[in-house]
Amino acid sequence: APSYFPILMALGIPLMFYGVIYHTSSFGKALIAVGAVVSLAAVIGWAMEPLEEPMDHASSPDGEEVAVADVTAYEAESGEAEFEEVVDE
């Protein structure tokens, strides 16, 4: 899915710099504050965005689906791990 955070960043940076140009007025100071908030929100949102959708199954190089094990290190060492076989019908 495309991200809208780069557009927010592209909006926030010019707002800040227009505020720097008109910094002597209260309107300019408000532009600096609004631009900083928009830019900061865009950076945080963009950084927290997942890179891709999580997958339930992995696929082997042959194209066959294989199960992904959800086992902690403790379960694997102690022998308590339970594995289920995934069968596609």
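I began with the helix pair and noted that helix 1 passes helix 2 in a left-handed crossing (the near helix is turned anticlockwise from the far one by less than a right angle; helices are DSSP runs of H or I with at least four residues, and strands are runs of E with at least two). By class, the contact of helix 1 with helix 2 holds 18 nonpolar, six polar and no charged residues.

I recorded that the model is predicted, with local features needing pLDDT of at least 70 and side-chain atom pairs pLDDT 80 or more, while totals for chains, interfaces and linings use all residues. Residues are numbered from 1 along each chain as its sequence is written, and side-chain values use heavy atoms, without hydrogens and water.

I looked up the packing geometry next.

Phe 17 is exposed, at a relative accessible area of 51% (exposed means over 50% and buried under 20%, with a 1.4 Å probe and protein chains only). From Phe 17 to Leu 31 I found 14 residues in sequence and 8.3 Å in space, C-alpha to C-alpha.

Finally, I turned to the whole protein. I found three helices and two strands, in the pattern α-α-β-β-α along the sequence. Of its 89 residues, 11% count as buried. The protein exposes about 7,600 Å², and carbon and sulfur atoms supply 63% of that area (Shrake-Rupley method, 1.4 Å probe).

Definitions and conventions. Nonpolar A, V, L, I, M, F, W, Y, C, P; charged D, E, K, R; others polar.
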